[in-house]
Amino acid sequence: MQQHTSPTAAPPSATITLGVGPVSPQELVAVTRGGAGVHLEQDAVEAIQRARAVVEELAAASTPAYGISTGFGALATRHIPTDLRAQLQRSLVRSHAAGSGPEVEAEVTRGLMLLRLSTLATGHTGIRLETAQLLADLLTHRITPVVHEHGSLGCSGDLAPLSHCALALMGEGMVRDAAGALVPAADALAAAGLRPVELAAKEGLALINGTDGMLGMLVLAIADLQVLLRTADVAAAMSVEGQLGTDRVFAAELQALRPHPGQAASAANLVRLLDGSAIMASHRGPDCHRVQDAYSLRCSPQVHGAARDTLEHCDLVASRELASAVDNPVVLAEEGRVESNGNFHGAPVAYALDFLAIVAADVASISERRTDRFLDKARNHGLPPFLAHDPGVDSGLMIAQYTQAAVVSEMKRLAAPASVDSIPSSAMQEDHVSMGWSAARKLRRAVDGLTRVVAIEVLTAARALDLRAPLEPSPATAAVVALLRDAGVEGPGPDRHLSPEIETAVGLVASGAVLGAAESVIGELA
């Protein structure tokens, strides 16, 4: 999985505005991966102030109010006197900042910070404006708290990860500055001209009680998979072409017999990608006696299409979550009250994350099968064994497929759902949890694996298309081959150090360059 990196430096003018409405996926990507800053809109400022007034009124009342004048979780029965409430908030954040293990990626931490701020901006948490503003300032100044791999059960929110972020607002703990250096939070705040806050009633809970980490990772995974699934269509087209398959099975009238929208879109992409191919035309005549292609070629739209439809469902879940205010207790400012609720439970997000890990594993599985067919002399229709220059002396792409197989095997293990597990916590008060954070962490690894598997299929298919010369591939697939060659991924020839070429191909797939090369010829794919 990709290791910690600082967000790419963005121009000072790169800022999103955050109101009471939801953050869009595009805005989340801009902040997490583009380093954009955040400005609070006036409607958010007013909503925050209205909710804060409710909290302060309840804090002054003699009747205990959960999260304001009581302990938390299994300790909620204790009424906390006024002079201990600031200590209550500090203690909450410090004790809950109990993460362990490797540091998570900067984009993940920025994502959970932005989504927590988005909930604060709805006016349902009771945060003070100065505290919300400091969280926005950390994002704008690219100060990224250190958050650890382990610590969240995905219920009562991503408590430990968010607590590490809240700790930085207090000027405690460690952060990464804009240059990526590891520094104490107090030093980073001072260098940016910012002052830490002393948390007041309800604020500690408002900062840590959300599903923001798992949701941020879901949104980022969806953005990556939207590119990867179209790239998988490009790879499949190159494989069908290179293995002298037929495109007749992708005809629209055949797809209409089973009207799944993703399947129709994937099949239409394959038809467009293969249009104008001399390789395809070379075996369309009466002399071709092949009855039908293997499943991995013929059924590509069915698998890729089912993946697309699942991704569409998960995108709907994410959009609903982005429009949510997740906190407990929640402030209903219009009614002047605070109510306990269970909206912090991560089940909706956790299920979606697990669904996508299954999708990634199966798309990778069919990709690996298409690749393997290229390397087997008995199944590749006239190509040399392993696409080697001098088989026996050269091993060609034999071990590239081993790498694919190893990644696919791991992805099948990652497809085992995290959301079906639950370990009770907080003295059985929190007795059913979602494990959504764990589902998100394994999905990130699965997305990385799918990127690598598709890249190796593209690399392999490109070599096969070169070996079909003098027959020319389609203009779209030829553009992908040219992209690889221009980037230093060489064509057929004696064995050479293969790992750097695989990593180059991985980068071209991850960046969207492979998809872009095909689309530069035929227009945007569905």
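How far apart are the end C-alpha atoms of helix α9, and what should its 31 residues span?

1. Helix α9 covers residues 212–242. At 1.5 Å a residue it should span 45 Å, where the expected span is 1.5 Å times one less than the number of residues. Its end C-alpha atoms are 44 Å apart, which agrees. Helices are DSSP runs (H or I, at least four residues), and strands are too (E, at least two), numbered from the N terminus.

2. This is a predicted model: local features need pLDDT of at least 70, side-chain atom pairs count only at pLDDT 80 or more, and totals for chains, interfaces and linings use all residues. Residues are numbered from 1 along each chain as its sequence is written, and side-chain values use heavy atoms, with hydrogens and water left out.

3. Of the 31 residues of α9, 27 are buried, so the helix is largely enclosed by the rest of the structure. Buried means under 20% relative accessible area (1.4 Å probe, protein chains only). Just after α9, Leu244 takes a positive phi of about 55°.

4. The largest nonpolar core has 149 residues. Such a core is a set of buried Ala, Val, Leu, Ile, Met, Phe, Trp, Tyr and Cys residues joined through side-chain atoms within 4.5 Å. Its largest share, 18 residues, comes from α9. Val234 is among those with the most contacts inside this core.

5. Now the sheet. Three strands form an open sheet in the order β4-β6-β7, with antiparallel pairing. Strands pair if DSSP finds at least two bridges between them. β4 and β7 stand at the edges, each with a single partner strand, so one side of each is left without a neighbour in the sheet. Three bridges join β6 to β7. Val175 stands opposite Val183 in β7.

How values were computed:
Buried < 20%, exposed > 50% of the residue type's maximum accessible area, 1.4 Å probe, protein only.
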